[in-house]
Amino acid sequence: MHLLLVCLGNICRSPMAEGALRMRLDEAGLRHVAVDSAGTGDWHAGDPSDRRAIATAARHGVDISGLRARQLQPADYTRFDWLLCADLQNLRDVQARRPAAASARIELFTRWAGAEAIGDGAIPDPYTGGQDEFEHVWSVVDAAAAAAVRSLQAGRGPTAGD
Ligand code: 4NP
């Protein structure tokens, strides 16, 4: 299973989600799931994650300092099984760029994960916020990652209608 976490800049939310999900999958020994991330925007392509995202992940024991931002590519729509989006605007952007031959399915990350009780399912953009916003993002992406792993372990697979 190939999963692509997607946000806008690929320097805050999706790298944190990638780090949290990798850690949870690793802990659970689920090695058949591959995780990557990308952004719909290209402003930060090639850059490391935002230093606040790196610091927040590090506080939770996850090193994302080696990640580099990249923009979502048409090939991602066939290379990955799921494109898992940060918020509804992001979901709409990803759907709008969908090539005719796309095979990947597109969903909100939290909804796909089956995570309950985390607001409206959006991961709020922390870019113009402070440390609290980054901590909140971590709590949301880690709750979603944990929910996804529980579903995978139960053999259900995170469900988004299937
Ligand atoms: P992200 O946050 O989508 O969580 O990576 C953002 C990063 C950069 C920008 C916006 C959001 N930006 O406008 O450059």
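**Close-up 1. The salt bridge between arginine 13 and aspartate 87.** In this predicted model, arginine 13 and aspartate 87 form a salt bridge whose closest N and O atoms are 3.0 Å apart. The pair links distant parts of the chain, since arginine 13 belongs to helix H1 (residues 13-28), whereas aspartate 87 sits in the loop between strand E3 (82-85) and helix H4 (88-96), 74 residues apart. Both arginine 13 and aspartate 87 are buried, and a network of salt bridges links Arg13, Asp87 and Asp125.

**Close-up 2. The surroundings of the ligand.** The shell around the ligand consists of Cys7, Leu8, Gly9, Asn10, Ile11, Cys12, Arg13, Trp43, His44, Asp125 and Tyr127, and its residues divide into six nonpolar, three polar and two charged. Oxygen atoms of the ligand lie 2.9 Å from a backbone N or O atom of leucine 8, 3.0 Å from a polar backbone atom of isoleucine 11 and 3.4 Å from a side-chain N or O atom of aspartate 125. Of the 360 Å² that the ligand exposes when taken alone, the protein buries 88%.

**Close-up 3. Two further salt bridges, aspartate 76 with arginine 70 and glutamate 107 with arginine 111**. The closest N and O atoms of aspartate 76 and arginine 70 are 2.9 Å apart; aspartate 76 counts as buried because its relative accessibility is 0%, while arginine 70, with a relative accessible area of 23%, is partly exposed. In the salt bridge of glutamate 107 with arginine 111, the closest N and O atoms are 3.1 Å apart; here glutamate 107 is buried at a relative accessible area of 10%, and arginine 111, at 46% relative accessibility, counts as partly exposed. The whole structure contains 10 salt bridges.

Notes
Residues numbered from 1 in each chain as written. Predicted model: local features only at pLDDT ≥ 70, side-chain atom pairs only at ≥ 80, totals over all residues. Heavy atoms only, no water. Near = heavy atom within 4 Å. Polar contact = N/O pair within 3.5 Å; in protein donor to acceptor, adjacent residues only side chain to side chain. Areas by Shrake-Rupley, 256 points an atom, 1.4 Å probe, with all protein chains shown as cover. Nonpolar A, V, L, I, M, F, W, Y, C, P; charged D, E, K, R; others polar. Salt bridge = Lys/Arg side-chain N within 4 Å of Asp/Glu carboxyl O. Helix = DSSP H or I, 4+ residues; strand = E, 2+ residues; numbered from the N terminus. Buried < 20%, exposed > 50% of the residue type's maximum accessible area, 1.4 Å probe, protein only.
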